[in-house]
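User: I would like to go through this model step by step, with each term given its cut-offs when it comes up.

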Amino acid sequence: MSATASDLRHDWNLTEVRALFEQPFNDLLFLAQTVHRRHFDANRVQVSTLLSIKTGACPEDCKYCPQSGHYNTGLDKQKLMEVQKVLEAAAEARAIGSTRFCMGAAWKHPSAKDMPYVLKMVEGVKALGLETCMTLGRLTQEQTQALADAGLDYYNHNLDTSPEFYGNIITTRTYSERLQTLAYVREAGMKICSGGILGMGESLDDRAGLLIQLANLPEHPESVPINMLVKVEGTPLAAEEDVDPFDFIRMLAVARIMMPKSHVRLSAGREQMNEQMQALAFMAGANSIFYGEKLLTTGNPQADRDMALFRRLGIKPEKRQDHADEVHQAAIEQALIEQRDSRLFYNAAL
Ligand code: SF4
């Protein structure tokens, strides 16, 4: 293992990233796990909840996305949610253990009319003691500053793939516009969540190219979601070939090595992965998940499955960074203990 493998670097090139991808699987995983343990508790995973605050009819043409207005996917469209409803959802997410609440709107960019509502959502969720994250599309510098002033912690803005492949997937915006918004987010002092998708027909060099773009930013994104394409009927990528699961794990491992201090998020597509693959993903250095999609009713089966898997693997939810809410953390851990004692949990001792 190279002595510099765990250093924070911003000068990665294609040759060396290819070499990482081409390592034998076990060597790559060992390196990723070694890097991971230098910077994180290997048995903690950060847990976020995602809520769509405005769904569908998006003017962008991202070929993977069922929310694009360019494709007919039979999706239920929804206008911007009321602030109160968003806050209720955030309170429920908090009650079942999420530490970060991510709000996503299917927009090209937020309008002046919508901004006041969006800002109220940020203020309200923050007041509940949750970390806040939003994804609203392209931002102006003024909008970015207003979000930061309202208390937004993270802005999600994915680069999706390499600059070379980007035009095959999206034609309604450019890579440089994406980078511009990311630069505004940094200037405003917020944290960045940015990653990409595997399974869109990209080459290995495109996967490497995406990671190079992210790792060579002036600061690494604090959160790097790595998504597996969820093929949705009606989108142009519905018939793409499946990604080899080991190639997906390799991507997580290389992301971990290149951005050692970032949270690498096992993101969209996780529901399609079996438990063994998720366990391998955590071993490769993934340490963040969306916890039970639409987990907004008690007894959500996905949330229960997630907690059961954590328990079986001895993983605990990561504590909040500011440690301001020890009581909340204790409540999460108590909930885990209670769930372990219920029949929801597999008991390895039996
Ligand atoms: S901008 Fe977002 S919501 Fe709109 S089509 Fe692209 S991925 Fe979907």
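User: How many helices and strands does the chain have?

Analyst: This is a predicted model, in which local features need pLDDT of at least 70 and side-chain atom pairs count only at pLDDT 80 or more, while totals for chains, interfaces and linings use all residues. Residues are numbered from 1 along each chain as its sequence is written. Helices (H or I, at least four residues) and strands (E, at least two) are DSSP runs, numbered from the N terminus. On that basis, the chain has 12 helices and 10 strands.

User: What percentage of the residues in the chain is buried?

Analyst: A residue is buried if 20 or more other C-beta atoms, placed from the backbone, lie within 10 Å of its own, exposed if 12 or fewer, and partly exposed in between. Of the 350 residues in the chain, the buried ones make up 43%.

User: How many of the residues of α9 are buried?

Analyst: The helix reaches 20 Å from its first C-alpha to its last, close to the 20 Å expected at 1.5 Å a residue, where the expected span is 1.5 Å times one less than the number of residues. Its buried residues include Phe 248, Ile 249, Arg 250 and Met 251. α9 is mostly covered, and the number buried, out of 14, is 11.

User: Is Cys 133 buried or exposed?

Analyst: Cys 133 lies in strand β3, residues 131-135. Two residues are in contact if their C-beta atoms, placed from the backbone, lie within 7 Å, and, leaving aside neighbours within four places in sequence, the contacts of Cys 133 include Cys 102 and Cys 193. With 24 other C-beta atoms within 10 Å, Cys 133 is buried.

User: Which strand holds Arg 265?

Analyst: Arg 265 is buried, with 25 other C-beta atoms within 10 Å. Leaving aside neighbours within four places in sequence, Arg 265 is in contact with residues including Gly 195, Ser 223 and Ser 288. The strand, residues 263-266, is β8.

User: Where does Cys 58 lie?

Analyst: Cys 58 is listed by UniProt, again in an unreviewed entry, as "binding site" together with Cys 62 and Cys 65. Cys 58 is buried, with 21 other C-beta atoms within 10 Å, and Cys 62, with 24 such neighbours, also counts as buried. The place of Cys 58 is the loop between β1 (44-54) and α3 (83-95).

User: How many charged residues does the shell around the ligand have?

Analyst: The residues around the ligand, whose C-beta atoms, placed from the backbone, lie within 6 Å of it, include Cys 58, Glu 60, Cys 62 and Cys 65. Ala, Val, Leu, Ile, Met, Phe, Trp, Tyr, Cys and Pro count as nonpolar, Asp, Glu, Lys and Arg as charged, and the others, Gly among them, as polar. By class, the shell has 4 nonpolar and 3 polar residues, and the number of charged residues is 1.

Methods: UniProt positions renumbered as here; feature names shortened; annotations may be inferred.
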